[in-house]
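Visitor: I'd like to learn how to read helix packing and a core from coordinates. Where do we begin?

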Amino acid sequence: MDEEDLSKRLKILSIQEYKQYYLIPCFIQEEKEEFFNFSDVETEYINSLKSPDSKILAMLQLGYFKSKKRFFPIESSNPSVVSDIMFLSNKFFLKKINIKTINFAKNTQSRQRQEILKLSTWSDNFESINIKKQIKTFI
């Protein structure tokens with residue numbers, strides 16, 4: 001696509017709206033307290049995970065999902081993620097998490113996302129929400 005084609009594309013979101021939707025949230029302290037506050041069911045899931053890396057990843061994904069109702073690729077090199085890891089480490093772990101050695105494997109992220117969807121009763125399958133029934137109520 002050349003520059004002329006790009007300029008003709010419809011721009012629905014402003015730059016700020018784009019960032020707000022597509023970038024990992026950058027929480028202030030109060031938001032960290034809110035979105036990284038886990039229910040009993042969420043805590044049970046987190047505690048079922050074996051490694052500290054998996055637990056931290058699940059906490060991050062749960063918090064970000066609660067905030068934006070979507071998932072993000074999580075990398076420990078992102079400054080917002082580092083700040084959130086430090087918050088979670090201080091709040092939930094006796095031993096500090098070494099950010100330099102933390103590993104968030106893509107397959108682990110994917111597997112956790114499926115579990116988080118189950119926990120939240122959120123569905124990425126439109127049939128399971130029974131949209132056909134909802135549409136019939138409008139007809």
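Guide: With axes. A helix axis is a line fitted to C-alpha atoms over the stretch in contact, and the angle between N-to-C directions runs from 0 to 180 degrees. Keep in mind that this model is predicted.

Visitor: At what angle do the axes of α4 and α5 cross?

Guide: They cross at roughly 150 degrees, and the axes come within 8 Å. Angles over 145 degrees count as roughly antiparallel. Therefore α4 and α5 are roughly antiparallel to each other.

Visitor: Is the crossing of α4 and α5 left-handed or right-handed?

Guide: α4 passes α5 in a right-handed crossing. On the α4 side, the contact is made by Glu 42, Tyr 45, Ile 46 and Asn 47. On the α5 side, Lys 55, Ala 58, Met 59, Leu 62 and Lys 66 take part.

Visitor: How do α4 and α7 cross?

Guide: Their axes come within 11 Å and cross at roughly 155 degrees. That makes α4 roughly antiparallel to α7. This crossing is right-handed. Val 41, Glu 42 and Tyr 45 of α4 meet Gln 112, Glu 115 and Leu 119 of α7. Glu 42 and Tyr 45 also belong to the contact with α5.

Visitor: Now the wider fold. How many helices and strands does the protein have?

Guide: Nine helices and zero strands. Along the sequence the pattern reads α-α-α-α-α-α-α-α-α. For contacts with a separation of 6 or more, residues 24 or more positions apart account for 70%.

Visitor: How should I read a nonpolar core?

Guide: In soluble globular proteins, nonpolar side chains tend to be buried together. Here the largest nonpolar core has 30 residues. Ile 56, Leu 60, Tyr 64, Ile 85 and Phe 104 have the most contacts inside it.

Visitor: Which elements give two or more residues to this core?

Guide: α4 (40–48), α5 (52–68), α6 (79–92) and α7 (106–120). The largest share, eight residues, comes from α5.

Visitor: What does Leu 60 touch, leaving out residues up to four places away in sequence?

Guide: Leu 60 touches Phe 36, Ile 74, Val 81, Asp 84, Ile 85, Leu 88 and Phe 104. Ile 85 and Phe 104 are also among the residues with the most contacts inside the core.

Visitor: And the totals for burial and surface?

Guide: Of the 139 residues, 32% count as buried, where buried means under 20% relative accessible area. The accessible surface comes to about 10,100 Å². Carbon and sulfur atoms own 54% of that surface.

Technical notes. Residues numbered from 1 in each chain as written. Predicted model: local features only at pLDDT ≥ 70, side-chain atom pairs only at ≥ 80, totals over all residues. Heavy atoms only, no water. Core = buried A, V, L, I, M, F, W, Y, C linked by side-chain atoms within 4.5 Å. Buried < 20%, exposed > 50% of the residue type's maximum accessible area, 1.4 Å probe, protein only. Helix = DSSP H or I, 4+ residues; strand = E, 2+ residues; numbered from the N terminus. Contact = heavy atoms within 4.5 Å. Areas by Shrake-Rupley, 256 points an atom, 1.4 Å probe, with all protein chains shown as cover. Parallel < 35°, antiparallel > 145°, perpendicular 65-115°, else oblique. Left-handed = near helix turned anticlockwise from the far one by under 90°.
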